[in-house]
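Visitor: Please give me a close look at one part of this model. I would like the details there, and then what connects to it.

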Amino acid sequence: MTYPDTTLFGHDPWWLILAKSLGIFVFLLLTVLSAILIERKILGRMQLRFGPNRVGPHGLLQSLADGVKLALKEGLIPAGVDKWIYLAAPVISVIPAFLAFAVIPLGGEVSVFGHRTALQLTDLPVAVLYILAVTSIGVYGIVLAGWASGSVYPLLGGLRSSAQVVSYEIAMALSFVAVFIFAGTMSTSGIVATQNDTWYIFLLLPSFLVYLTSMVGETNRAPFDLPEAEGELVGGFHTEYSSLKFAMFMLAEYVNMTTVSALATTLFLGGWHAPWPISIWEGANSGWWPLLWFTAKVWLFLFFFMWLRATLPRMRYDQFMVLGWKVLIPVSLVWTMIVAFLHTLLDVDDRTWVTAVVGLVIVAGLIGWAAVRAKRPRAIPEPTVHPVVDGAFPVPPLPAKERADV
């Protein structure tokens with residue numbers, strides 16, 4: 001594996017590092033405020049109703065009004081909670097969401113007050129592994145929130161979230177391996193540089209589809225929002241939270257959506273490189289223009305999140321676990337072995353188109369298998385009939401009673 005030159009980073013003056021950090025923070029904050037409003041507008045249109053249209057012109061100030069309302073609400077702490085862990089959980093959840101964006105390249109080199117610098121806070125030879133590690137820490141906030149609330153429903157929501165991270169983090173990490181093999185690096189800027197000619201979504205389509213599914217499960221978004229399923233768990237892990245503490249959980253969710261979308265853009269959609277035919281223009285990938293292409297690609301994935309929420313019903317939990325362990329992980333393992341084999345066997349000119357063709361064949365085979373499986377009739381088990389005792393309410397026998405009878 002060849003490592004990229006990361007000496008460009010770490011030499012900026014302190015004020016430029018501070019400006020980059022504030023810029024990333026403001027970028028994420030504005031993206032969250034915009035995403036909440038746009039999501040409510042899109043869901044309204046898809047469901048044949050109006051979205052927010054009262055606060056400000058055409059409802060444009062609705063997100064700001066919601067933030068002010070949450071800030072001014074009374075912060076209640078229920079009796080029986082573990083106070084310090086209860087208060088620390090939202091902070092633990094939201095901080096890693098911001099830290100992950102430190103190694104995301106938003107553009108190439110630009111000039112800021114005479115200083116040449118990259119539109120990226122920093123980079124590492126193992127930057128993608130850093131993102132996986134940091135985003136995994138965020139689930140501790142959810143688990144601790146469920147445990148510290150001292151209630152059954154939050155505890156179940158926290159346990160579900162931890163199980164989702166264990167299963168879907170594996171599939172997500174495996175989808176990156178093929179990218180590492182092709183790019184020869186785990187550095188985010190290095191991966192973007194290797195996609196100057198061809199984006200990896202065309203070469204590694206199975207990896208992209210596995211990541212696309214995993215990132216929805218990783219962020220607890222519909223139809224995989226099982227840790228906060230209202231119909232089953234009232235509100236899940238944040239049932240006992242209100243005011244700013246609840247707002248921090250919502251902020252962490254939308255920042256995580258932005259982070260996984262930015263990572264998908266970096267690994268599979270060429271990062272900040274301009275799409276075709278804009279890339280024909282000689283200056284499309286220079287100056288501040290790459291920031292526009294990067295933001296547009298991120299919003300493409302954010303719209304995908306919103307579209308899923310308006311379209312698909314929530315899955316059952318057993319179906320969700322089966323999808324992760326019995327479909328995504330085996331497919332990722334097989335695909336990784338195929339990519340490694342082709343990368344070793346073929347030369348540079350042949351491995352590109354052969355890998356792309358094999359990936360298309362695998363995706364077509366999976367679609368066909370899913371279609372056949374969906375049409376297959378399923379046997380419905382007969383319901384168990386329990387005898388009714390005279391004068392007793394007809395309830396199923398308890399497990400303890402069954403063991404005693406045996």
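Guide: First, a term. A helix here is a DSSP run of H or I with at least four residues, and helices are numbered from the N terminus. The model is predicted. Let us start with the second largest cavity. It holds about 30 Å³ of space. Three helices, α5, α8 and α12, each give at least two residues to its lining. Helix α12 provides the largest share, four residues.

How many cavities of 30 Å³ or more does the whole structure have? A search finds two. The largest cavity holds about 340 Å³ of space. Its lining has 27 residues, and I142, E218, T219, N220 and N256 are the closest to its centre. The largest share, eight residues, is from α10. The class count is 14 nonpolar, ten polar and three charged.

Now follow α8. This helix spans residues 205-218 and packs against α11, residues 289-311. The angle is about 60°, and the axes lie 11 Å apart. The crossing is right-handed. From α8 the contact uses F208, L212, M215 and V216; from α11 it uses F301, F304, F305 and L308. Eight nonpolar residues make up this contact, with no polar and no charged ones.

Helices α8 and α12 turn up again at the largest pocket. That pocket has a volume of about 1200 Å³. It is lined by 27 residues, with T213, L323, V327, W369 and A370 closest to its centre. Helices α8, α11, α12 (317-345) and α13 (348-375) are the elements that give two or more residues to this lining. Seven residues, the largest share, come from α13. The lining is 22 nonpolar, two polar and three charged by class.

Of its 35 lining residues, I36, L70, F246, M250 and Y254 are closest to the centre. Those giving two or more residues are α1 (14-46), α2 (62-72) and α10 (243-268). Here too α10 gives the largest share, eight residues. This lining divides into 19 nonpolar, five polar and eleven charged residues.

Helices α1 and α2 meet at an angle of about 115°, their axes 8 Å apart. The crossing is right-handed. L33, I36, L37 and R40 of α1 touch Q62, S63 and D66 of α2. The contact has three nonpolar, two polar and two charged residues.

Which residue forms a salt bridge with D66? The partner is R40, with the closest N and O atoms 3.0 Å apart. The two residues stand 26 apart in the chain, R40 in α1 and D66 in α2, so the pair counts as a link between distant parts of the chain. The salt bridge count comes to eight.

Key:
Residues numbered from 1 in each chain as written. Predicted model: local features only at pLDDT ≥ 70, side-chain atom pairs only at ≥ 80, totals over all residues. Heavy atoms only, no water. Axes fitted to C-alpha atoms, helices over the stretch in contact; angles between N-to-C directions. Left-handed = near helix turned anticlockwise from the far one by under 90°. Contact = heavy atoms within 4.5 Å. Nonpolar A, V, L, I, M, F, W, Y, C, P; charged D, E, K, R; others polar. 1 Å grid on protein atoms, 1.4 Å probe; cavity = no way out; pocket = protein on both sides within 12 Å on 5 of 7 lines; lining within 4 Å. Points joined across faces, edges and corners; volume = space filled by probe spheres on them. Salt bridge = Lys/Arg side-chain N within 4 Å of Asp/Glu carboxyl O.
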